[in-house]
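Dear colleague,

I am passing on the structure that follows, together with some notes on what turned up when I went through it. Please have it open beside you as you read.

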Amino acid sequence: MNAKSLPSWTAFVFLGLIACLAPQVTAQERAPNAQDVLAKDLRLLLDYFPGRYDNDLQVYFDGELNTPDSERNGRIHSIFAPVTLPAFGPNMFYVEQFSDNDPNKIYRQRLYRFSIDAAEKAIKLEIFAPSAAQAQAIKGAHLDPSKLTVLSPANMTLYPGCEVFWRRQEQQFIGTMKPSACRVKSQRTGKTLIITDSLVLSNRSITILDQAVDETGAYVYGNKANVPHKLRKARPFTCWTSVLRGAKHGDAGIGLESWTFERGWIHDQGGELSVKTDETPAREFYLRLRMVEWPYGTNRPSLTLYVHEKGNPRAISYSWADEGANRVGINLRWLQASCTMAGPERQFN
């Protein structure tokens, strides 16, 4: 049967139904355009980016492998915390970075804004810099985002030319600046610095090659051998630790009153948790948690928990578990500890 063989009113309804359905089919089957691709890329980047990152493993193996000094990087810790700041628009992050595993050695605080740049066929990252007074006021804003309410686009510095453009390559993003476009006047020296940033982001890591020269081309900062900081995304763990009062290695206690108990937070990229007994004199220890991936040999990646005496970089002892484990513990008779992976809500604590 075709439309001609139907009664006129039936044919009218039949043809009308086709006409109504046709635009829907066309919309569903249309080819994706560049904007669709960039929108998906932005969603994926915003999924990868948040978290804490640390290059503890890179620093550790630089020492183990006797890497030349010119190729080494110091230890840095980067916090990229999503925040809601309507005045700046969507896709905002608070950034706090510190060195030497010391949260008080902050060397950079920023606000980041991600958006689609159709002309560049990329995801654009704009960087807002606070004043020195603002930086002090917003310190630790990943723990207390309300500190950021003092900021607005009008009272922060946005450097034109310093945008980072992210382009997806398979399951990672490559971030670059336009050559020689980022020029910033140093508050310390008054010289104009030409800054370049080269980055690679995956769901597990970020590499950062951050360099600067002055207008004569003279070196200002950055790795001279072009070796980037290699930071891995940290997972949060909550730990408890118990120490036998007055004990030495191999001792055992009787009853709970013989033990001190402490709880705390740690991460698996070289995070440390201090433990201090209530004795006189007090003894001090710390736990270190590291996800070890060996650059050589046949050792499998392992989640490793170390016990250190304060001031001694060599561990008293350590234990390990599979890289996918969400719990690791240790029992030295005089000291016991257990660390369990926490939920994402503890990521920035």
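**Disulfides**

The torsion about the S-S bond of C239 and C339 is about 115 degrees, so this disulfide is right-handed. C239 belongs to strand β14 (residues 236-244) and C339 to strand β21 (residues 335-341), so the pair ties together parts of the chain that are 100 residues apart in sequence. Please keep in mind that this is a predicted model, in which the sulfur atoms of C239 and C339 are placed 2.1 Å apart. With a relative accessibility of 3%, C239 is classed as buried, because buried means under 20% relative accessible area, and C339, at 0%, counts as buried too.

A search of the whole structure gives two disulfides, and the other one joins C162 to C182, with 2.0 Å between their sulfur atoms. This pair links distant parts of the chain, since C162 sits in the loop between β6 (157-158) and β7 (164-169) while C182 is in strand β9 (residues 182-185), and the two cysteines are 20 residues apart. The S-S torsion of C162 and C182 is about 85 degrees, so that disulfide is right-handed. As for accessibility, C162 is buried, with a relative accessible area of 6%, and C182 is likewise buried, with a value of 2%. If the bonded cysteines are counted along the chain, the disulfides follow the pattern 1-2, 3-4.

**Aromatic rings and charges**

The search of the whole structure also finds 16 aromatic pairs. One of them is formed by Y306 and Y318, whose rings are tilted, with 5.7 Å from centre to centre and 40 degrees between the planes. Y306 lies in strand β18 (residues 302-309) and Y318 in strand β19 (residues 317-322), so this pair ties together parts that are 12 residues apart in sequence. Are these two tyrosines buried or exposed? Y306 counts as buried at 13% relative accessibility, whereas Y318 is partly exposed, with a relative accessible area of 47%.

Elsewhere, six aromatic residues, F49, Y53, F80, F93, Y112 and F114, form one cluster. There are also charged side chains placed over rings: K224 lies over the face of Y219, at 4.6 Å from the ring centre, and the charged end of R290 sits over the ring of Y60, 4.4 Å from the centre of that ring.

**The second largest pocket**

Which elements supply at least two residues each to the lining? They are α3 (56-64), β17 (284-292), β18 and β19, and the largest share, four residues, comes from β18, the strand that contains Y306.

With best wishes

Technical notes
Residues numbered from 1 in each chain as written. Predicted model: local features only at pLDDT ≥ 70, side-chain atom pairs only at ≥ 80, totals over all residues. Heavy atoms only, no water. Disulfide = S-S within 2.5 Å. Buried < 20%, exposed > 50% of the residue type's maximum accessible area, 1.4 Å probe, protein only. Phe/Tyr/Trp six-rings, centres within 6.5 Å; stacked < 30°, edge-to-face > 60°. Lys NZ or Arg CZ within 6 Å of the ring centre and 35° of its normal.
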